[in-house]
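Q: I've got a structure open and want a quick tour. Can we go through it piece by piece?
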Amino acid sequence: MEDIRVSIITVCHNSEDTIRDTINSILCQTYHNLEYIIIDGKSSDRTMDIIMEYRQAFAEKHIVYRYLSEPDDGMYDAMNKGIHLASGELVGIINSDDWYEPDAIYVAARCFEEVQYDLFYADLCIIGKKGSFIKKAKDSAWVTSRYWNHPTTFIPRWVYEKYSYKNESIHDDWDLILRIRKGLPGCKVCVVNKVLANFRRYGVSHKKSIKKALQRARIKYKIYRDNGYSRLYFIECYGMEAAKLVL
């Protein structure tokens with residue numbers, strides 16, 4: 001069952017400390033009909049040296065391995081570049097701080113073969129400085145990013161081509177999910193309650209600053225409203241940021 005070509009995209013910039021984990025997780029996949037694309041934002045450290053070290057390893061596994069290093073306009077611009085280069089029927093995006101479980105792509109491809117979903121995501125292991133926890137995935141009538149995990153997301157390439165990232169804010173990934181859910185008639189969402197990826201919780205979306213938290217909440221609430229969601233999501237956006245400040 002490897003008829004479906006899957007394209008995996010990693011965007012990175014100065015990621016020499018973590019990108020090996022990401023790349024090795026692709027090499028260790030139990031699914032092999034793959035194309036792996038790395039979009040580097042012109043790193044000034046050893047990131048590109050590390051990326052090029054893996055050319056032979058991917059060739060030996062007959063996995064298409066492509067990389068591009070040039071200036072970009074942020075991570076969502078880089079993701080759009082990767083999607084434009086992708087040739088797979090299904091696309092997954094795993095950033096250079098994160099890594100897949102060995103059966104992640106197999107599970108996503110198997111589910112796609114069975115139900116032809118428009119959007120897929122699964123449970124995520126979030127790793128912080130004081131330990132880790134599992135963020136469970138769920139499809140709910142109350143549409144919230146609390147139940148969605150970007151590193152475990154797989155989307156058909158034709159959907160990504162229709163709904164590319166806007167490249168406007170830190171929450172452009174969630175904006176894309178809302179646009180897909182609103183824009184596709186009968187949008188078919190597939191959720192698997194199994195950990196398929198691991199996420200290091202050290203990014204900009206988790207910095208504990210009241211000013212930054214309020215800014216993120218305002219941006220996210222605007223995204224909800226722009227996509228036609230209820231004013232009640234004000235509670236969701238500001239409540240989530242308040243919880244991040246406490247946890």
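Q: Where is Asn167 found?
A: This is a predicted model, to start with. Asn167 sits in the loop between α6 and α7.

Q: What is its phi?
A: About 60°. The value is positive although Asn167 is not a glycine.

Q: Is Asn167 buried, exposed or partly exposed?
A: Partly exposed. Its relative accessible area is 25%. Buried would need under 20%.

Q: And what about phi of Lys42?
A: Near 60°. Again a positive value in a residue other than glycine.

Q: Which loop is Lys42 in?
A: The loop between β2 and α2.

Q: Now the inside. How many residues are in the largest nonpolar core?
A: The largest nonpolar core has 40 residues. Val6, Phe120 and Phe154 have the most contacts inside it.

Q: Which elements supply at least two residues of this core?
A: On the helix side, α1 (19-27), α2 (47-53) and α5 (104-115). On the strand side, β1 (6-12), β2 (34-40), β6 (119-128) and β9 (189-200).

Q: Which one gives the most?
A: Helix α5 does, with 7 residues of this core.

Q: What does Val6 touch, leaving out residues up to four places away in sequence?
A: Its contacts are Tyr31, Asn33, Leu34, Glu35, Leu90, Ile105, Ala109 and Phe154.

Q: What does the second core include?
A: That separate core has 34 residues. Among them are Val159, Cys187, Tyr221 and Tyr233. In soluble globular proteins, nonpolar side chains tend to be buried together.

Q: Back to α5. Where does Glu113 lie?
A: In helix α5. Glu113 is partly exposed, at 38% relative accessible area.

Q: How far apart are Glu113 and Arg181?
A: In sequence, 68 residues. In space, 20 Å from C-alpha to C-alpha.

Q: Switching to α4. Which of its residues are buried?
A: Helix α4 covers residues 75-85. Its buried residues are Tyr76, Ala78, Met79, Lys81, Gly82 and Ile83.

Q: What do they pack against?
A: The strands are β1, β2 and β4 (90-93). The helices are α6 (157-162) and α7.

Q: How do α7 and α8 cross?
A: The axes of α7 (residues 172-183) and α8 (residues 210-226) come within 10 Å and cross at roughly 15°. The angle is under 35 degrees, so α7 is roughly parallel to α8. The crossing is right-handed.

Q: Which residues make that contact?
A: Trp174, Asp175 and Leu178 come from α7. Lys220, Ile223 and Tyr224 come from α8. In this contact of α7 with α8, 4 residues are nonpolar, 2 are charged and none is polar.

Q: And α8 with α9: roughly parallel or antiparallel?
A: Their axes cross at roughly 155° and come within 9 Å. An angle over 145 counts as roughly antiparallel, so that is how α8 runs against α9. α8 passes α9 in a right-handed crossing. Helix α9 spans residues 233-246.

Q: Who is in that contact?
A: From α8, the residues include Ile210, Ala213, Leu214, Ala217, Tyr221 and Tyr224. From α9, they include Tyr233, Phe234, Cys237, Tyr238, Met240 and Leu245.

Q: How does it split by class?
A: The contact of α8 with α9 has 12 nonpolar and 6 charged residues, with no polar ones.

Conventions: Residues are numbered from 1 along each chain as its sequence is written. This is a predicted model: local features need pLDDT of at least 70, side-chain atom pairs count only at pLDDT 80 or more; totals for chains, interfaces and linings use all residues. Side-chain values use heavy atoms; hydrogens and water are left out. A nonpolar core is a set of buried Ala, Val, Leu, Ile, Met, Phe, Trp, Tyr and Cys residues joined through side-chain atoms within 4.5 Å. Buried means under 20% relative accessible area, exposed over 50%, partly exposed in between (1.4 Å probe, protein chains only). Helices (H or I, at least four residues) and strands (E, at least two) are DSSP runs, numbered from the N terminus. Contact means heavy atoms within 4.5 Å. Axes are lines fitted to C-alpha atoms, for helices over the stretch in contact, and angles run from 0 to 180 degrees between N-to-C directions. Angles under 35 degrees count as roughly parallel, over 145 as roughly antiparallel, 65 to 115 as roughly perpendicular and the rest as oblique. A crossing is left-handed if the near helix is turned anticlockwise from the far one by less than a right angle, and right-handed if clockwise. Ala, Val, Leu, Ile, Met, Phe, Trp, Tyr, Cys and Pro count as nonpolar, Asp, Glu, Lys and Arg as charged, and the others, Gly among them, as polar.
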